[in-house]
Amino acid sequence: MPNFTDVTEFILLGLTSHQELQVFFFVVFLVIYMITLIGNIAMIILISISPQLQSPMYFFLSHLSFVDVWFSSNVTPKMLENLLSERKAISYVGCLVQCYFFIALVHVEVYILAVMAFDRYMAICNPLLYGSKMSRAVCAHLISVPYIYGFSVSLICTLWTYGLHFCGNFEINHFYCADPPLIKIACGGVHIKEYSMIVIAGVNFTYSLSVVLVSYTRIVAAVLRMRSADGRRKAFSTCGSHLTAVTMFYGTLIFMYLRRPTEESVEQGKMVAVFYTTVIPMLNPMIYSLRNKDVKEAVNKAIVKANLRQ
């Protein structure tokens, strides 16, 4: 029988063991984190104050920005702290809390992306019914489901993480507490956690991605039936930003969570995790603003109003 040990804290090995790179990574990720906060908070404020952005698409986009702020904030501050610390520790409770919010926010984000795809389907394929079918009450219900479901599923997953037992190896080969590296160092309760992680991730990613794929299949079919080239161009432009965000987020998560945790997959997943925990939340506001005429106009009007007040 394994000799289980009471664990009070873990050691996060971080991105690299090279001391000369620690300060460099600190500066890089601090800049990325600040851009993420400024970009997403600015997007939320812009959508809330701009009359031309008071539509379901931007309502869902504001929630995506809100989730991105918390998603990045759940991981990055501790990573920045450890980059400058000699002893890169996180408490056992802190590790479970980080796991809980990470899993919850991942599920919230994938289903918000699915809801946004459904919204584009309704706007393009049912334009005459769009106003009534996507009313404020409907949008409120659609956005509440990802939050309720995500945080509920995460509670179950975190309880399974709590069921893991450890036998003296408390070094997590990662820069935050994640299921795959925790499973890799555990010596008890591994099988139920490993298989539940793969099943839950597989079911939720498959279901939410199916909503996206079905929605865009119908969107493409509807757009190809349009006679106006300008109409087709406008329809595709409103979907291009969302498709870019979906491809980046789903691709990186599937790469990390739909494989059995091995030494090689954990090491590869650590590199991929940098992308979806820090880079994607930073890029989302840029993706949706740089290719969106309405957002550009709203920004210009906000700047003009600010200059007039001065």
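Two rings of Phe, Tyr or Trp make a pair if their centres lie within 6.5 Å. By that rule, ring pairs tie Phe-71, Phe-102, Phe-175, Tyr-176, Phe-249 and Tyr-276 together into a cluster. The model here is a predicted one, and a search through the whole structure turns up 20 aromatic pairs.

Take Tyr-100 and Phe-151. Their ring centres sit 6.0 Å apart with the planes at 55 degrees, so this pair counts as tilted. The two residues come from distant parts of the chain, 51 residues apart: Tyr-100 belongs to helix H3 (residues 92-125), while Phe-151 belongs to helix H5 (residues 136-162). Phe-151 has a relative accessibility of 25%, so Phe-151 counts as partly exposed.

Helix H3 also holds a pair of its own, made by Phe-118 and Tyr-121. Here the centres are 6.1 Å apart and the planes meet at 40 degrees, so this pair is tilted too. Phe-118 and Tyr-121 are three residues apart in the helix, which means about one helical turn separates them. As for accessibility, Phe-118 is partly exposed at 29% relative accessible area, whereas Tyr-121, at 16%, is buried; the cut-off for buried is under 20%.

A word on confidence. The protein chain averages a pLDDT of 84, and 91% of the residues score at least 70. Where pLDDT is low, predicted coordinates should not be read in detail.

Technical notes
Residues are numbered from 1 along each chain as its sequence is written. This is a predicted model: local features need pLDDT of at least 70, side-chain atom pairs count only at pLDDT 80 or more; totals for chains, interfaces and linings use all residues. Side-chain values use heavy atoms; hydrogens and water are left out. Rings of Phe, Tyr and Trp (its six-membered ring) pair if their centres lie within 6.5 Å; planes under 30 degrees apart count as stacked, over 60 as edge-to-face and the rest as tilted. Helices (H or I, at least four residues) and strands (E, at least two) are DSSP runs, numbered from the N terminus. Buried means under 20% relative accessible area, exposed over 50%, partly exposed in between (1.4 Å probe, protein chains only). pLDDT is the predictor's confidence in each residue, from 0 to 100.
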